[in-house]
Amino acid sequence: MIAHPGLRFADHTVVVPLDHRRPDGETIEVFAREVVASDRAGDDLPWLLFLQGGPGGKSPRPPRAEGWIAHATRSHRVLLLDQRGTGRSTPLSGRTISCGTTDAELAAYIGLLRADSIVADAEILRQRVAGGATWDTLGQSYGGFVTLSYLSQAPEGLRTCYITGGLPGLTATADDVYARTYPRVAAKNAEYYRQFPGDAAALKRIYRHLTENDVRLPDGDRLTVDRFRLLGSDFGASSGFAALHWLLDEAWHDQDLSDTFRYEVMQRTAFVDKPLFALQEYTYGQGAATGWAAARAMERHPEFADPLLFTGEMMYPWMFREIRALRPFAGAADILAAKDDWTPLVDPARLAANEVPVCAAVYADDMYVDMGLSLETAAAVGNVRTWVTNEYEHDGLRVSGTAVLEHLMEMAAGLR
C-alpha cells in the first residue's frame with residue numbers, strides 16, 4: 001500500500017468486457033483505488049463504493065484524509081472507481097480514439113459506457129476486490145443515476161446506498177429534464193446579477209469585443225459569446241458566482257482580453273478529458289431519441305436569446321464543431337442523438353419493491369437535478385428516505401462532505 005497523510009492506498013485494475021452481453025469479445029480496463037485510514041489498514045471493514053458524478057468524471061485523488069473521505073474511512077474501506085471511459089479506466093478522448101474509427105463505430109463504443117455497463121463493472125470489482133461481500137455505495141450527482149441502475153440490475157450486491165444530489169426521474173425524458181432546467185438556470189442568472197450587479201456592464205464590454213474581433217484561446221479555438229456563456233455551468237456550485245466574478249476582474253490587459261482570462265476560459269470550456277460530459281444527453285436515452293433536447297428546449301425559452309443569460313449544464317451541437325477536443329466526436333454525437341432504441345437503464349417494478357436502504361440528500365436549490373423529479377422518484381422507489389435541504393448547493397459533498405455524509409449515515413442507522 002502507498003501511504004498519504006492519514007490514508008493508505010492500493011490500486012486495482014480489472015479487465016472487463018467492453019460489451020457485457022459479449023463476454024468473449026473486446027475488453028477494456030477498469031481501474032479503482034482502495035482507500036483506508038492509516039490506523040485501520042489491517043481491520044476487517046465493510047466496503048463503500050464511490051460513484052462519481054459526471055458523466056465523464058474520474059474519481060477523486062485525495063491528497064490527505066479530509067472531507068467525506070476522512071469520515072468514510074473511519075468506518076469503511078473506500079473504493080474510488082474510475083467509471084469506464086474516465087481516468088485510468090481505458091479513457092475516452094480525442095487522442096485515444098483509434099485511427100480509422102468511423103462515426104458509427106465510435107457511437108456504438110460510447111453507447112457501451114452508460115450506467116448499466118458501469119454497474120456490471122462494479123459487480124466484477126465487488127467479486128475480485130471485495131471478495132463478493134455486499135457493499136455500501138455513495139453516488140454523487142450522476143453517481144446517483146448509476147445507483148438506481150445498480151438497484152435495478154444487481155441489488156443483491158448492495159447493503160446501503162447513499163445519494164447526494166442525484167435522484168433522477170425514473171421515466172423522465174431528456175425533454176422533460178431540460179424543460180425544468182432552463183427556468184432554474186434563468187433563476188440562477190438572476191441571483192448572480194443580484195449578487196454582482198456591476199458584472200452586467202463588464203460582460204457587455206467583453207461580448208462587444210468578442211463580436212467585433214477574432215479572439216483566440218491558447219489552443220487556437222475562437223472564443224465566441226456562446227462559448228463564453230457555457231461558464232454558467234458553474235452556477236450550480238457554491239462558489240460558481242464568485243468564480244465568474246473574479247474571472248472578470250482580470251479580464252483585460254490594456255485593450256485586449258488578458259492571457260490569464262483566455263487561459264481560464266479555455267480550461268473551463270475545453271472538455272479535453274471529459275468528452276463524455278459534453279455527450280451527456282445520451283445518458284437520458286431510454287427508448288426515444290434525445291434529439292439534441294437541450295438545443296430544442298432553448299428555442300422554447302426565448303429569454304435565452306439575451307447573451308447576458310449564461311447557459312448551464314446543457315450541451316449543443318455547435319460545441320462539437322467549434323471546440324477542438326470535441327470535434328472528433330461530432331459525427332458520433334449526431335448518431336447518438338438520433339438513436340431511438342436505447343435499453344432501459346432502470347426497472348421501475350424492481351425499484352418499487354426495493355428493500356436495500358437508500359438515503360438521499362435532495363438539494364432544494366439544485367440547478368442540475370430537479371427537486372420535483374427527485375421527490376417523485378423517492379416516492380416510487382421502495383425503502384428510500386430523503387433529506388431535503390437548502391443548506392447546500394449541488395457540490396455539498398465536495399465542500400461540506402463530512403456533514404453531508406455523517407447526516408446520511410445517521411439516517412441509514414435508523415433504517416437498518
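**Ground rules.** The model is predicted, so to speak of local features I need pLDDT of at least 70, and side-chain atom pairs count only at pLDDT 80 or more, while totals for chains, interfaces and linings use all residues. Residues are numbered from 1 along each chain as its sequence is written, and side-chain values use heavy atoms, with hydrogens and water left out.

**Rings.** I looked up aromatic pairs first. Rings of Phe, Tyr and Trp (its six-membered ring) pair if their centres lie within 6.5 Å; planes under 30 degrees apart are stacked, over 60 edge-to-face, and the rest tilted. I found 20 aromatic pairs by this rule. One cluster is joined by ring pairs: Tyr-192, Tyr-193, Phe-196, Tyr-207, Phe-228, Phe-235, Phe-241, Phe-261 and Phe-310.

Next I checked for charges over rings (NZ of Lys or CZ of Arg within 6 Å of the ring centre and within 35 degrees of the ring normal). Arg-88 has its charged end over the ring of Phe-31, 3.9 Å from the centre. Arg-205 places its charged end over Trp-252, at 3.7 Å from the ring centre.

**Strands.** I took helices (H or I, at least four residues) and strands (E, at least two) as DSSP runs, numbered from the N terminus. Two strands pair if DSSP finds at least two bridges between them. Strand 10 (residues 358-363) pairs with strand 11 (residues 384-389) in the parallel sense, over 6 bridges. Tyr-363 has Thr-389 of strand 11 as its bridge partner. Between the two strands the chain passes through helix 15 (residues 371-380), and this β-α-β crossover is right-handed. That term means that, with the strands pointing away from the viewer, the path from the first strand over the helix to the second runs clockwise.

**Pockets.** I worked on a 1 Å grid over the protein atoms alone: a cavity is a set of points where a 1.4 Å probe fits but cannot get out, a pocket is an open set with protein on both sides within 12 Å along at least five of seven lines, and lining residues have an atom within 4 Å of a point. Grid points are joined across faces, edges and corners, and a volume is the space filled by probe spheres set on the points.

Which residues lie nearest the centre of the largest pocket? They are Gln-52, Gly-53, Gly-57, Lys-274 and Arg-398, out of 50 lining residues. Its volume is about 1600 Å³. Helix 1 (67-72), helix 8 (240-249), helix 9 (259-269) and helix 16 (396-399) each supply at least two lining residues. I sorted the lining by class: Ala, Val, Leu, Ile, Met, Phe, Trp, Tyr, Cys and Pro are nonpolar, Asp, Glu, Lys and Arg charged, and the others, Gly among them, polar. The largest pocket's lining has 19 nonpolar, 20 polar and 11 charged residues.

The second largest pocket holds about 410 Å³. Its lining has 19 residues, with Arg-21, Gly-111, Leu-112, Asp-116 and Thr-343 nearest the centre.

**Cavities.** I counted 5 cavities of 30 Å³ or more. The largest cavity has a volume of about 250 Å³. It is lined by 22 residues; Phe-145, Pro-168, Gly-169, Tyr-284 and Gln-286 are closest to its centre. Helix 4 gives the most to this lining, with 4 residues. By class, the largest cavity's lining has 15 nonpolar, 5 polar and 2 charged residues.

The second largest cavity has a volume of about 150 Å³. Helix 5 gives the most to its lining, with 3 residues.
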